[in-house]
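Please read the following points with the model open beside them. They go from single positions to the protein as a whole and are meant as a colleague's note.

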Amino acid sequence: MKVLLLKDPKDKDSGPDPYIKELGLYGFEATLIPVLSFEFISLESLFEKLSHPECYGGLVFTSPRALEATKLCLKENSKNEAWSKSLKQRWNTKPAYVVGKATASLVEELGLTPQGEKSGNADKLAEYICSRETPNSSALLFPCGALKREVLPTVLREKGIPLESLTVYQTTQHTDLQESLSSYFSQQGIPASVVFFSPSGVRFCLQHIQKLSGDFINHIKFAAIGPTTAEAMEAAGIPVSCTAESPTPQDLAAGIQKALNLQNC
């Protein structure tokens, strides 16, 4: 059975993509199609803020892209040296809150210790942060995307926990998306399952998939990587056959297996 994953492939240097690998263990033939392109912005501003850990109570990361922006802003030799010599150590006295395992591992690559990685989504991370922070303390620095959801900022604001957001990337549709989807459907046919990994993915892909699937769209089991994406799918009128219990290859593969088995019963 074929599964179409609407996400970027994992970095080539780090081996096979874990989602393709895990789905393969269940006997699925998975294919990745990159959906999004990212433009990184305000990197000088980000470094300026990272240069003053004394002004903040900690860091918050809810996406791998925010960490990619952080790595980029530290790329220059002088900035990397400043990070390695003192900034990293000073930030390590403060919490670095993360939303899941992907962000946690990238935070570790920066030399920081992640907290909250079992949260899985912004709502639960906000609860976790509120259980550990006190109102009116130093602001948490939150590098984020232009399309960030307001759940985390809203919850923290209501609890009196200061959060300083800085937009460090913008999301656009991948230039090859339409061509890649057309090529997949013409060569591979209608997949048994299509997995969305973000609300942006729903927005950019749905129209193309509806057109390419035609009357066969009702045969596809649509899956979501998490509740936020599932909400976006439902709002767009897509029936959600499964939502991964947590945003991991293991939980997604198990969810798809269950959804497709139910279909076959």
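1. P227 is partly exposed because its relative accessible area is 36%. The model is a predicted one, in which local features need pLDDT of at least 70 and side-chain atom pairs count only at pLDDT 80 or more, while totals for chains, interfaces and linings use all residues. Residues are numbered from 1 along each chain as its sequence is written, and side-chain values use heavy atoms, with hydrogens and water left out.

2. Helices (H or I, at least four residues) and strands (E, at least two) are DSSP runs numbered from the N terminus. On that basis the protein has 11 helices and 11 strands. P227 belongs to helix α10, which covers residues 227–235. Contact here means heavy atoms within 4.5 Å. Apart from neighbours within four places in sequence, P227 is in contact with N121 and T243.

3. Which helix holds S200? S200 sits in helix α9, residues 199–213. At a relative accessible area of 10%, S200 counts as buried. Residues up to four places away in sequence aside, S200 touches L36, L147 and T171.

4. L177 is in helix α8, which runs over residues 177–188. Its relative accessible area is 0%, so L177 is buried. When neighbours within four places in sequence are left aside, the contacts of L177 are I33, P34, V35, F204 and C205. One of these, I33, is 144 residues from L177 along the chain, yet the two C-alpha atoms are separated by 7.4 Å.

5. Is S193 buried or exposed? S193 is buried, because its relative accessible area is 2%. This serine is part of strand β9, residues 193–196. Beyond its neighbours within four places in sequence, S193 is in contact with K2, V3, L4, I220, K221, A223 and I256. For S193 and L181, 12 residues apart along the chain, the C-alpha separation is 14 Å.

6. Two backbone angles deserve a look. Most residues other than glycine have a negative phi. S42 is not a glycine, but its phi is positive, at about 55°. The loop that holds S42 lies between β3 (36–40) and α2 (43–50). S42 is partly exposed, with a relative accessible area of 32%.

7. The other position is N136, also not a glycine, with a positive phi of about 60°. N136 is found in the loop between α6 (122–132) and β7 (140–145). With a relative accessible area of 70%, N136 is exposed.

8. What does the UniProt record say about residues 19–253? An unreviewed entry annotates them as "domain: Tetrapyrrole biosynthesis uroporphyrinogen III synthase". UniProt positions are given in the numbering used here, feature names are shortened, and annotations may be inferred rather than shown by experiment. Over residues 19–253 the chain is 46% helix and 20% strand. The end C-alpha atoms of this stretch are 8 Å apart.

9. On overall dimensions, the C-alpha trace spans about 60 × 40 × 30 Å along its principal axes. The radius of gyration is taken over C-alpha atoms, and the globule rule is 2.2 Å times the number of residues to the power 0.38. For 265 residues a compact globule would come out near 18 Å, and the 20 Å of the protein agrees with that.

10. Of the 265 residues, 45% count as buried. Among contacts with a separation of 6 or more, 72% are between residues 24 or more positions apart.

11. The accessible surface, from the Shrake-Rupley method with a 1.4 Å probe and, for residues, only the protein chains shown as cover, comes to about 13300 Å². Carbon and sulfur atoms hold 49% of that surface.

12. Last, charge. Lys and Arg count as positive and Asp and Glu as negative, while His and the chain ends are not counted. The place of a charge is NZ of Lys, CZ of Arg, CG of Asp or CD of Glu. The protein has 26 positive and 29 negative side chains, and the centres of the two sets lie 3 Å apart.

Technical notes:
Buried means under 20% relative accessible area, exposed over 50%, partly exposed in between (1.4 Å probe, protein chains only).
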